[in-house]
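Colleague: Please show me how to read surface features in a model.

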Amino acid sequence: MTEPRNSGVKTLGIKVPDSLHAQFTLVAQLDGISLGDAALRAVELYVETKRSEPDFAARATAALEEIEREAAARRGAIQGLFGEAAPAAEPAADTTERRGRRRGEQS
């Protein structure tokens, strides 16, 4: 069996100025690691550094609240398509059975 295509990993490509690339390559070589491993460590360090900033939690909370507002707006738009309340999800068998009846088929 083959693994899923991305296997939970994303590829990141960045442009780095020549002088910084040379330094980055040298540092990775001195540490005995690949550029990929060095880049991963740099990303992990960046995330950890940002996470420990005093206002980070507040900014993350604000972003989460914005996501919730956008989701509520989308939910309202979908509900508006069906009147006041969106129809409840139906099991696949029930949906198939109803489609057959709409086409005039016997169930």
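Modeller: Start with I14, which is exposed, at a relative accessible area of 63%. Exposed means over 50%, buried under 20% and partly exposed in between (1.4 Å probe, protein chains only). This is a predicted model, where local features need pLDDT of at least 70, side-chain atom pairs count only at pLDDT 80 or more, and totals for chains, interfaces and linings use all residues. Residues are numbered from 1 along each chain as its sequence is written, and side-chain values use heavy atoms, without hydrogens and water.

Colleague: Where does I14 lie?

Modeller: I14 is in the segment before α1 (18-31). Helices are DSSP runs of H or I, at least four residues, and strands are runs of E, at least two, numbered from the N terminus. The protein has four helices and zero strands.

Colleague: How much of the protein is buried?

Modeller: Buried residues are 6% of the 107.

Colleague: What is the volume of the largest pocket?

Modeller: About 460 Å³. On a 1 Å grid, a pocket is an open set of points where a 1.4 Å probe fits, with protein on both sides within 12 Å along at least five of seven lines; lining residues have an atom within 4 Å of a point. The volume is the space filled by probe spheres set on the points.

Colleague: Which residues line the largest pocket?

Modeller: There are 15, with L12, I14, A39, L40 and V43 nearest its centre. α2 (35-51) and α1 each supply at least two; α2 gives the most, six.
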